[in-house]
Amino acid sequence: MDIQLKKGILDVCVLDALSKGESYGYKIISDLEGIIEISESTLYPILRRLEVGGFVVTRTAEFNGRLRRYYKITSLGYDKFDSGKADLLEINTIYKKIYGGRL
């Protein structure tokens, strides 16, 4: 798969997980299980990029004696999420036209 396409899909998947509420890394990975495979080494650079872009904000809180970073989607993040969903629907339409629903 084209790396840029996959990057966009992963962004949408992460934003989808965060659209359901504030979350942290391990929970995001488990929320995406069965949808798309993502590792910690892939997730955290995505979260950092989304944070730098203003699509998510973070806070740190203590949990069981350790610091945990929580991520929350912003209004700009919701805009990116909606745009990404529209892109995925367009890709799905193209797929159906090319393959007629067949693999």
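Strands S2 and S3 run antiparallel and are joined by 8 bridges; strands are DSSP runs of E with at least two residues, helices are runs of H or I with at least four, and both are numbered from the N terminus. The model is predicted, with local features needing pLDDT of at least 70 and side-chain atom pairs counted only at pLDDT 80 or more, while totals for chains, interfaces and linings use all residues. Residues are numbered from 1 along each chain as its sequence is written, and side-chain values use heavy atoms, with hydrogens and water left out.

One of the residues bridged between these strands is Val-57, whose partner in S3 is Lys-72. The open sheet has 3 strands in the order S1-S3-S2, with antiparallel pairing (two strands pair if DSSP finds at least two bridges between them). Strand S1 (23–24) and strand S2 (56–63) are at the edges with a single partner strand each, so one side of each has no neighbour in the sheet.

Asp-11 belongs to helix H1. The residue is buried, with a relative accessible area of 6% (buried means under 20%, exposed over 50% and partly exposed in between, with a 1.4 Å probe and protein chains only). A polar contact of 2.5 Å links the side chains of Asp-11 and Arg-49; such a contact is a pair of N or O atoms within 3.5 Å, where within protein one must be able to donate a hydrogen and the other to accept it, and residues adjacent in sequence count only if both atoms are side-chain atoms. Apart from neighbours within four places in sequence, Asp-11 is in contact (heavy atoms within 4.5 Å) with Ile-46, Arg-49, Leu-50 and Lys-80.

The largest pocket holds about 220 Å³ of space, a volume being the space filled by probe spheres set on the points. Its lining includes Tyr-24, Glu-40, Phe-63 and Arg-66. S3 supplies the largest share of this lining, 5 residues.

The second largest pocket has a volume of about 160 Å³. Of its 13 lining residues, Gly-8, Ile-9, Val-12, Gly-84 and Asp-87 lie nearest its centre. Helix H1 (3–19) and helix H4 (75–99) each supply at least two lining residues, and H1 gives the most, with 7 residues.

Definitions and conventions:
1 Å grid on protein atoms, 1.4 Å probe; cavity = no way out; pocket = protein on both sides within 12 Å on 5 of 7 lines; lining within 4 Å.
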